[in-house]
Structure formats: structure tokens, C-alpha cells
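Hi,

Here is the structure I promised to pass on.

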Amino acid sequence: MSESVSKRGKAIVVSAPSGGGKTTLCRRLMDELPGLSFSISHTTRAPRGQEKDGVDYHFVDEAEFKALIEQDAFLEWAQVHGNYYGSSLSAAKSQLESGINVLFDIDIQGGYQIKEKMPEALLIFIVPPSMQVLEERLRGRASDVEDVIQKRLEAARQEIEGAVNYSSWIINDDLEHALQTFAEVVTTGRVAEFNKDELKKRVLGDD
Ligand code: ADP
Ligand code: 5GP
């Protein structure tokens with residue numbers, strides 16, 4: 001996938017700890033930038049709430065997912081929170097080759113797999129301003145029970161530590177400001193640069 005073809009679309013990977021605001025920001029960005037396409041992942045997890053098959057995810061069972069792995073049908077895949085998730089290679093390839101920019105809302109394991117195959121991919125990490133704010137947002141969303149919230153907070157620390165090689169980190173403090181930075185990074189490819197070690201310490205409260 002890494003051969004350079006002129007007018008090829010850009011792969012834009014967006015990752016964040018659960019509750020970081022990735023869904024909110026990706027939806028807003030898709031509204032603002034109509035030319036952008038969203039990669040619909042396959043997953044073995046059950047649909048939640050209003051989610052629709054073929055719109056939010058392609059919902060498959062574990063046997064189907066494993067058959068797709070065998071067929072090399074994924075650009076990347078990973079196990080996240082006990083379920084399998086993967087991005088369709090054929091869908092991504094045809095869009096990128098038609099010059100369409102594709103947004104991948106995936107975890108950092110998947111992000112690094114894409115970067116390995118397509119070094120020109122943009123890796124964007126959305127980070128909450130602090131663990132306290134993250135906890136408030138997870139509780140505010142009211143979609144998870146207490147032990148799930150605790151597990152997500154623990155996983156969040158590891159994801160923040162693991163995202164060190166993402167080129168752009170966007171702090172999701174004020175939503176409109178974060179959206180503006182997000183749109184700018186996506187349209188210009190500009191790297192949102194700052195001292196990641198300091199930011200990591202600030203977010204994780206490890207000063
Ligand atoms: P993710 O998809 O990363 O798990 P969500 O987009 O579901 O996160 O956001 C988690 C919660 O935080 C939601 O209730 C959302 O409305 C809220 N939220 C997201 N961004 C902000 C923000 N900048 N300020 C305040 N609340 C936010
Ligand atoms: P959720 O189940 O809450 O929709 O997603 C859980 C996590 O899986 C999120 O971090 C989300 O970004 C990630 N995810 C969704 N689709 C994919 C995918 O195709 N590949 C990978 N690696 N992660 C994914």
C-alpha cells in the first residue's frame with residue numbers, strides 16, 4: 001500500500017482513550033469536511049444503543065472475523081477490550097486510490113500497524129486535559145457501570161503512555177478549540193507539536 005501514486009488519498013488515524021472525545025470530534029469533523037470518508041470497521045462486539053450494521057460497524061461473529069484474517073482482508077486488526085476489531089483492506093484501498101482521504105477511528109495497536117504499512121499516514125491522538133476530566137466525562141456519558149469505568153481509566157493510562165509515537169496530540173479541553181485544531185491538522189497535515197513528556201505528566205498527574 002505504500003507505493004506513491006499522485007493524488008492518492010491520505011490515511012488519517014484517530015485514537016484516544018475511551019471517553020477522550022473521539023466519537024464526538026470525528027462526527028463533528030465529518031460534518032465539517034464532507035469530502036472525508038469514514039472507515040467502517042468490522043467488530044465481534046455486540047451493537048450498542050442505536051448502532052446499525054454497515055453504518056457504525058460491520059458486526060460479525062468470531063468465526064467470520066477469523067476467516068477474514070485468514071483471507072488477509074484487513075489492513076489492520078487488533079483485540080481491544082476483549083473483542084476483535086479490524087479495518088477492511090479492500091474498502092480503504094479503493095478509497096485511497098481514488099484520492100479520497102479516509103478517517104480511521106481505531107486504537108493505537110491498529111494505528112501503528114497502519115503506519116508500518118503506510119508511512120505517510122497521519123497519526124492523531126486525542127487526549128483529555130486530565131484523568132479527572134476523563135473520569136467526569138466517562139461518568140457523564142452514563143453508558144458504563146462502575147467497574148467498566150475503572151477498567152477504562154486504567155486502560156487510558158496505558159494508551160496515553162503508548163501513544164508517544166503519534167505525531168499529533170490534540171488536547172480535547174474546549175470542544176470547539178479542539179475541533180478547530182483537528183480540522184487544521186487533517187486538512188494541512190500540520191503536526192500539532194508540543195512537549196509530549198510534559199503533557200503526559202500533566203494529563204496523568206505524575207508531576
Ligand atoms: P470516545 O468516543 O473517545 O469514547 P465520546 O466522544 O463518547 O468519547 O466523549 C465522552 C463524553 O465526553 C461524551 O459524553 C461527550 O459528550 C463528552 N465530551 C467530549 N468532548 C468534550 C469536551 N471537549 N467538553 C466536554 N464534554 C465533552
Ligand atoms: P468501541 O467498542 O467503544 O466502539 O471501540 C473500542 C475501541 O476499539 C476504540 O478505541 C476504537 O477506536 C477501537 N476500534 C474501533 N474499530 C477498530 C478497528 O478497526 N481496529 C482497531 N485496531 N481498533 C478499532
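Below is what turned up around the ligand and its pocket.

This is a predicted model, with local features needing pLDDT of at least 70 and side-chain atom pairs counting only at pLDDT 80 or more, while totals for chains, interfaces and linings use all residues. Residues are numbered from 1 along each chain as its sequence is written, chains are lettered from A and ligands numbered from 1 in the order written, and side-chain values use heavy atoms, without hydrogens and water.

Ligand 1 has 13 residues around it, with G19, K22, T23, T24 and N172 coming nearest (a residue is near if one of its heavy atoms lies within 4 Å). By type, that shell has two nonpolar, seven polar and four charged residues.

As for polar atoms, an oxygen of ligand 1 is 2.8 Å from a polar backbone atom of K22, and another pairing puts a polar side-chain atom of R141 2.9 Å from a ligand oxygen. On the nitrogen side, a ligand 1 atom is 2.9 Å from a polar backbone atom of D173.

Ligand 1 sits in the largest pocket (more than half of its atoms lie within 2 Å of the pocket's grid points). K22, T23, R48, Y57 and D105 lie nearest the pocket's centre, among 44 lining residues. That lining divides into 13 nonpolar, 16 polar and 15 charged residues, and α1 again gives the most, with six.

Cheers

How values were computed:
A polar contact is a pair of N or O atoms within 3.5 Å; within protein, one must be able to donate a hydrogen and the other to accept it, and residues adjacent in sequence count only if both atoms are side-chain atoms. On a 1 Å grid over the protein atoms alone, a cavity is a set of points where a 1.4 Å probe fits but cannot get out, and a pocket is an open set with protein on both sides within 12 Å along at least five of seven lines; lining residues have an atom within 4 Å of a point. Ala, Val, Leu, Ile, Met, Phe, Trp, Tyr, Cys and Pro count as nonpolar, Asp, Glu, Lys and Arg as charged, and the others, Gly among them, as polar. Helices (H or I, at least four residues) and strands (E, at least two) are DSSP runs, numbered from the N terminus.
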